[in-house]
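Open the model in the viewer and keep the selection panel at hand. Each stop below names what to select and then says what is there.

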Amino acid sequence: MLAFQFKAMRSAFFLHALLLLLAACSQHPNDASGDSPIVTIDSTYLPLAEEVRQETLRSWKAYKQYAWGHDALKPLTKSAEDWYEHPLYISPIDAYSTLKLMGFDAEAKEIEDYVVDSLSWDKDVDAKVFEVDIRILGGLLSMYEMSGNPKVLAKTVDFADRLMPAFNTGTGIPTYHVNLRTGKPSGDTVCVAEAGTNILELGILSYYTGDPKYYAAGKRATLAVHERRSKLGLPGTDINVQTGEWTNRNASICAGVDSYYEYVYKAYSLFGDTTIGRVWREAIAAVNTHLPEEKDSLFWYGRVNMDDGSRTSSVITLYDAFMPALLVLSGDTVRAERAQQTFDQVWRLHGLEPTAYDYTKREVRAGDYDLNPEIIESAYYLHHFTGKPAYQEMAARYWADIKKHCRTDVAFTSIKDVRTMEQKDYMPTFFFAETMKYLYLVFSEGTGRFNLDDHVFNTEAHPFRRGSFERAEVVKRLGL
Ligand code: DMJ
């Protein structure tokens, strides 16, 4: 029976891969998928890729049945949750690029049509700038790139223009909130991730509109963080956007800082801005000089005081597991593999990764697991760049654990505490955007369907083709 299911899944995947290959010949030139010829098919993990694909569809159908029009699905009570008083349609916008990559074109088209025909951004909502930048702006830009639909670009520009008043601050770092209807910014203290996770989306928007003002705003915010680094070359964690004063002087790559580093590197790598290239080299050198710590034969990126480098805490978070992906992407395979081994040990302690863990006391500090993608993202990048089967095996273990503890009768849900595996009633939007996408991609590596080398992902895993950004046009449209 199992063997039969395995064969059936494998056949389904091959059929899917073949259909995609045929379809690739007639796709829109800007379609982020279907750009690489299929040369060889390594079939070992294809049944898992197909299983992830089917589980994504099952979860998407549950969202549609119980939460359509709202931000997120609550899979246990089979109800919906919105982030604000008015929904922003975050799950579908986050799901689009994943559904498209998996070949669920009809489902993706339905989202595209809804965005174009029925969605208005004129909402009296104090939106969190960071969260809607990575999910909505990033998702819409990727939707435009994949669909080529100019009406999607118009919706994207409308949305971005509603965010821009947040950048009118003393430092150029955006405020925490901005009202989508009135443009009123609020919240003068932000963390470094919130300050510096926008240059990628804003640069891409400048490219597609030909208006350099977006990139200029993102670059100013990034430089505002870097220019305020300490003598050791480290930024702190929290900063006042008006005065530029640090309000938390802990330095780390942990949650609250993480995607700042990711965006400095990715913006440099996509746009080739030499100023941002210098920021990257200085920033990563300081990180690798002051943050790493060896404990229990493992390699940890800890927390230090930004001024004197003294250790302030040995608490890491599961978000930090983005770091191996960034390291291997930027060419540091040795540190990437060591860091991934460390995060993998934390996962193995309970069979899912706790949100926060103290590596000195060896104790869980926050037990939640919210279906987060980072450790899977890093397994995918490491498999891609090293070719080692161990990273696909790792991802297969993560997927097995997620199925065991988080799968519900209709979708997947978060975990209240990995020590008890008690479930909570929430499926985050990044489960569609990131977790299922990275699982699908790591299991389907070798099919030639999607080549990581040709793409850059934003921090919410929305993909952008490097080939879409011509050097001479980047210089002109971004105002380099
Ligand atoms: C995602 O929303 C993004 O990846 C963000 O950068 C931080 N992590 C969450 C998912 O864990």
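Select β14 and strand β15 (residues 356-358): three bridges join them, and they run antiparallel. Strands here are DSSP runs of E of at least two residues, helices are runs of H or I of at least four, and both are numbered from the N terminus; two strands pair if DSSP finds at least two bridges between them. Within this pair, V315 stands opposite D358 in β15. The model is predicted, so local features need pLDDT of at least 70 and side-chain atom pairs count only at pLDDT 80 or more, while totals for chains, interfaces and linings use all residues. Residues are numbered from 1 along each chain as its sequence is written, and side-chain values use heavy atoms, with hydrogens and water left out.

Now select I402. Not counting residues up to four places away in sequence, I402 touches W347, L352, Y369, L371, I376, R407, F412 and T435, where contact means heavy atoms within 4.5 Å.

Move to strands β10 (residues 292-295) and β11 (residues 298-301), an antiparallel pair joined by four bridges. K295 stands opposite L298 in β11. The two strands form a hairpin with two residues between them, and D296 in the turn has a positive phi of about 55 degrees.

Which residue sits in the loop between β19 (455-457) and β20 (463-465)? Select T459, whose place is in that loop. T459 counts as buried because its relative accessibility is 14%; buried means under 20% relative accessible area, exposed over 50%, and partly exposed in between (1.4 Å probe, protein chains only). Leaving aside neighbours within four places in sequence, T459 is in contact with I134, T197, S259, E262, Y263 and E434.

End at helix α9, where 11 of its 15 residues are buried. Among them are Y214, Y215, K219 and H226.
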